[in-house]
Amino acid sequence: MTNAPSLLRELKGLRVLVIHPMDAEAHVVLDQLQRIGCIVEQCWPVPPQLPGHTDVVLLAVELSQRLNSHTLVESLSEQAPPIIAVVGYENPSMLQLVLEIQPAAVIERPLRPFGLLTQLLMARSAWRARIDMLAQLRKLQTRQPAFSKISMAKTLLMARHRIGENDAHRRLQRDAMASRTSMEAVAQDIIDAGLPPQPE
């Protein structure tokens, strides 16, 4: 887990896109972000896509921008930067739009410098956790075919030679070492042959 001091250091140079009308509240937030050391860009209305150099997004959630917000969210990839929603009021329509955007954090209006740093840290921390989880998931997905082959080969060995799972596993390991190949390759040979190697 990333600790708070390293996250604080990370905020210096963080590229933040503020999607918000350029009003007095936006000026307060932009000034505070620049004071923290962030590289800030502002735009309005909601763009259809994020610039490629964005690390965090502060998004003013406006019902008048519902369609644009949907277009933006649909353009995001799994590794898209976190969105911090800026919400001015709560009613069923607004809450529904916030749920559709799926922000990493929410800030209430009127915007104030207090709390902004915390929300940035929370959003980045949640984003890092999501990226780590996606990486682990992809790793498991790439391993799954190999696990399936090895499991099938062990089942064949167990059934044909009346041995236990541990013995079948050791046999696969031994054959892989002897042939200087992977257990997956040995398992594939057993599956392709339809019969496991004869017992010694």
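This is a predicted model: local features need pLDDT of at least 70, side-chain atom pairs count only at pLDDT 80 or more; totals for chains, interfaces and linings use all residues.
## The largest pocket

Rolling a probe the size of a water molecule over the atoms shows where empty space is left. In this model, the largest pocket has a volume of about 340 Å³. Its lining is made up of 18 residues. Those nearest the centre of the pocket are L76, A80, I101, Q102 and R130.

Sorted by class, the lining of the largest pocket contains 13 nonpolar residues, three charged residues and two polar residues. Two helices, helix 4 (92-101) and helix 5 (116-161), each contribute at least two residues to this lining. The largest share, five residues, belongs to helix 5.

## The largest nonpolar core

The largest nonpolar core consists of 19 residues. Within this core, the residues with the most contacts are L14, V16, L33, V56, L58, I84 and L120. Two or more core residues come from each of these elements: strand 1 (15-19), strand 3 (56-60), strand 4 (83-87), strand 5 (105-108), helix 2 (24-36) and helix 5. Helix 5 gives the most, with four residues.

Leaving aside residues up to four places away in sequence, L33 touches V16, V18, C38, V40, L116 and L120.

Methods
Residues are numbered from 1 along each chain as its sequence is written. Side-chain values use heavy atoms; hydrogens and water are left out. On a 1 Å grid over the protein atoms alone, a cavity is a set of points where a 1.4 Å probe fits but cannot get out, and a pocket is an open set with protein on both sides within 12 Å along at least five of seven lines; lining residues have an atom within 4 Å of a point. Grid points are joined across faces, edges and corners, and a volume is the space filled by probe spheres set on the points. Ala, Val, Leu, Ile, Met, Phe, Trp, Tyr, Cys and Pro count as nonpolar, Asp, Glu, Lys and Arg as charged, and the others, Gly among them, as polar. A nonpolar core is a set of buried Ala, Val, Leu, Ile, Met, Phe, Trp, Tyr and Cys residues joined through side-chain atoms within 4.5 Å. Buried means under 20% relative accessible area, exposed over 50%, partly exposed in between (1.4 Å probe, protein chains only). Contact means heavy atoms within 4.5 Å.
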